[in-house]
There are 2 protein chains.
Amino acid sequence: MAGRITAVSIVDAIAADLRARIFSGDLGSGHTLTETDVASTYEVARPTAKASIEKLVAEGLLDRGTHKTARVVELGPDSVRDIYLARAYLESEVLRRLARTKDVPEGAVQANRDIAALQTGAPLDVIEPDMRFHTSLIDAVGNERISRMYRSLVGEVKLCMVRIQSLHLLDTALIQAEHQRILELIEAGQGDAAAELLDEHLGRARERLVSAMGGTAGPEADLPSDLLPE
Amino acid sequence: MAGRITAVSIVDAIAADLRARIFSGDLGSGHTLTETDVASTYEVARPTAKASIEKLVAEGLLDRGTHKTARVVELGPDSVRDIYLARAYLESEVLRRLARTKDVPEGAVQANRDIAALQTGAPLDVIEPDMRFHTSLIDAVGNERISRMYRSLVGEVKLCMVRIQSLHLLDTALIQAEHQRILELIEAGQGDAAAELLDEHLGRARERLVSAMGGTAGPEADLPSDLLPE
DNA sequence: CGCCCTTCGATTGTCTAACAAGTACACATG
DNA sequence: CATGTGTACTTGTTAGACAATCGAAGGGCG
């Protein structure tokens, strides 16, 4: 018997499936989810569907007011800035602390190798190893709550990504090179420099994401002068 | 009739009341909360009580496994270290960023004035302005998600505090002096120094809290040599 | 006499059915 | 055209019920 993976709770299973469908883009931003709708598609009672929805609301993936239908959250440019700034706050401090002990997480190294190995032109293939690079750094400090917080942010980032999907915002080679440089700075114990580079790294991604969503990009979207082609 | 507290949702109201009772120490660590129990005390149906409990579980104030009764979380020494380290991660980076713009939040200044004005010997009176000092710093960066994360940590800190209540772990004057120094360092644009002092400040509180809970305190519990009396 | 197994009570997970209350949108009216 | 009304849809909450599971108490066996 290898098939017993039933997550012991129906509402957890439904919540997990809904989450997957949201991240896959099956349920796009603004998509409405009525309780009866969820109940009928999964063939469960309405209270069960309700509980699943409320779970995702608590996670920040769904939005809902009293007596109003739940909808997949719509993240605007200001939300993207909020999310990416929060990422920068958590991650830059993590880099400083890792640099103190010159601790280069193996998972991050491997994730960046995977990015380098990518030859496919599919732009969303870089998302997974990219996220893995960053979460590996976060997890390396071994703090349960920090990891949980960051994971919540990653969920929202993925939510942004599915909206953009088609166009690739950044050059894979540049991402990989900057990651590599960050790891080197950690190994050299230069936390401040690593944090500064990360700020640039995330700031550029952030502003390009913002402009791709229709907002007006800030100056961070541009490459630094010493990296401009030609 | 002034007692109708029905905010908008019964489950929110019950959750809020349970939260208050937990923070007041009325429901101590390890206290069990059965669904029928909550349902009968608030005179609501069991599903409503269940929803309230699950809300607090999502907040991290209650703990429960499948088919097991919910209990108020019991935070051990390792959890305290995890929480305070997470605080330090968030807050030290915030100090660095505030120092860049030399932005000294008025709320933090006021909170520290309130600490200085305390003449009462009641040890738990310092908790409120102390927390307000720290949350003012966090809120000053204007990031919704960072503020939310920190508030979640504050909830857990308060949970620790109610367990210790009686004995005062630190001198009020020392707390106030260190807060003052942190603000001065922000104003001087010395983010690194501010972050370093904060690490000491939180580290000392953390290790004293740990030892008060029966764990073995680390070296951070001691005062730095230049502040030792005599 | 102590240990393992069974049984039983308590508790939670889930369902069905139903009513109340609120929202949103179409429709009729001025 | 603006406004009020009403109706359908959706959610909030309740009641009662049954199955599954967990924890502890009690009995059988070595």
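# Salt bridges and contacts in a two-chain model

The structure holds 52 salt bridges over all chains. The model is a predicted one, and every value below is computed from it. Side chains of opposite charge can pair when their charged atoms come close.

## A pair within chain A

Lys50(A) and Glu35(A) meet through their side chains in a salt bridge, at 3.3 Å from N to O. Lys50(A) belongs to helix 3 (residues 46-59) of chain A and Glu35(A) to helix 2 (residues 35-42) of chain A, so the pair ties together parts that are 15 residues apart in sequence. Lys50(A) is partly exposed, with a relative accessible area of 33%, whereas Glu35(A) is buried, with a relative accessible area of 12%.

## Where the chains meet

How many residues does the contact take from chain A and from chain B? It takes 29 residues from chain A and 29 residues from chain B. Between them, chain A and chain B bury about 2,400 Å², and 51% of this is on carbon and sulfur atoms. On the side of chain A, Tyr89(A), Arg97(A) and Arg145(A) lose the most area to chain B, together 30% of what that side buries.

Charged pairs also cross this contact: the rule finds 10 salt bridges across the interface of chain A and chain B. The table gives some of them, together with the pair inside chain A.

| Residue | Partner | N to O distance |
|---|---|---|
| Lys50(A) | Glu35(A) | 3.3 Å |
| Arg100(A) | Asp199(B) | 3.8 Å |
| Asp199(B) | Arg97(A) | 3.1 Å |
| Glu156(B) | Arg145(A) | 2.7 Å |

One of its partners is Arg100(A), with the closest N and O atoms 3.8 Å apart. Another is Arg97(A), where the closest N and O atoms are 3.1 Å apart. Asp199(B) lies in helix 9 of chain B and Arg97(A) in helix 4 (residues 77-100) of chain A, so this pair joins two chains. Is Asp199(B) buried or exposed? Asp199(B) counts as buried, at 19% relative accessibility, and the cut-off for buried is under 20%. Arg97(A) is buried too, with a relative accessible area of 12%.

Arg97(A) has a further contact with chain B. Its charged end sits over the ring of Tyr89(B), 4.6 Å from the centre of that ring. Within chain B, Arg87(B) lies over the face of Tyr84(B), at 5.1 Å from the ring centre.

The salt bridge of Glu156(B) and Arg145(A) has an N to O distance of 2.7 Å. This pair crosses between chains, from helix 7 of chain B, which holds Glu156(B), to helix 7 (residues 144-164) of chain A, which holds Arg145(A). Both partners are buried: Glu156(B) has a relative accessible area of 5%, and Arg145(A) has one of 7%.

Some salt bridges are linked in a network. Its members from chain A are Glu93(A), Arg96(A), Arg97(A), Arg100(A), Asp192(A) and Asp199(A). From chain B come Glu93(B), Arg96(B), Arg97(B), Arg100(B), Asp192(B) and Asp199(B).

## Helix 6 of chain B

Helix 6 of chain B (residues 127-139) has 13 residues, and from its first C-alpha to its last it reaches 18 Å, close to the 18 Å expected at 1.5 Å a residue. Among its buried residues are Met131(B), Phe133(B), Leu137(B) and Ile138(B), and also Asp130(B) and His134(B). The cover over the buried residues of this helix includes helix 4 (77-100), helix 5 (106-117), helix 7 (144-164), helix 8 (172-187) and helix 9 (191-212) of chain B.

## Residues in loops

Most residues other than glycine have a negative phi. Glu43(A) is not a glycine, yet has a positive phi of about 55°. Glu43(A) is placed in the loop between helix 2 and helix 3 of chain A, and counts as exposed at 73% relative accessibility. His67(B), also a residue other than glycine, has a positive phi near 65°. The loop between strand 2 (62-63) and strand 3 (70-72) of chain B holds His67(B), which is exposed, with a relative accessible area of 86%.

Asp26(A) is found in the loop between helix 1 (10-23) and strand 1 (32-33) of chain A. Asp26(A) is partly exposed, with a relative accessible area of 48%. Asp26(A) and Val162(A) are 136 residues apart in sequence, while their C-alpha atoms are 9.5 Å apart in space.

How values were computed
Residues are numbered from 1 along each chain as its sequence is written. Chains are lettered from A and ligands numbered from 1 in the order in which they are written. This is a predicted model: local features need pLDDT of at least 70, side-chain atom pairs count only at pLDDT 80 or more; totals for chains, interfaces and linings use all residues. Side-chain values use heavy atoms; hydrogens and water are left out. A charge sits over a ring if NZ of Lys or CZ of Arg is within 6 Å of the ring centre and within 35 degrees of the ring normal. Helices (H or I, at least four residues) and strands (E, at least two) are DSSP runs, numbered from the N terminus. The expected span of a helix is 1.5 Å times one less than its number of residues. Buried means under 20% relative accessible area, exposed over 50%, partly exposed in between (1.4 Å probe, protein chains only). Contact means heavy atoms within 4.5 Å. Buried area is the accessible area (1.4 Å probe) that two parts lose on being put together, summed over both. A salt bridge is a side-chain nitrogen of Lys or Arg within 4 Å of a carboxyl oxygen of Asp or Glu.
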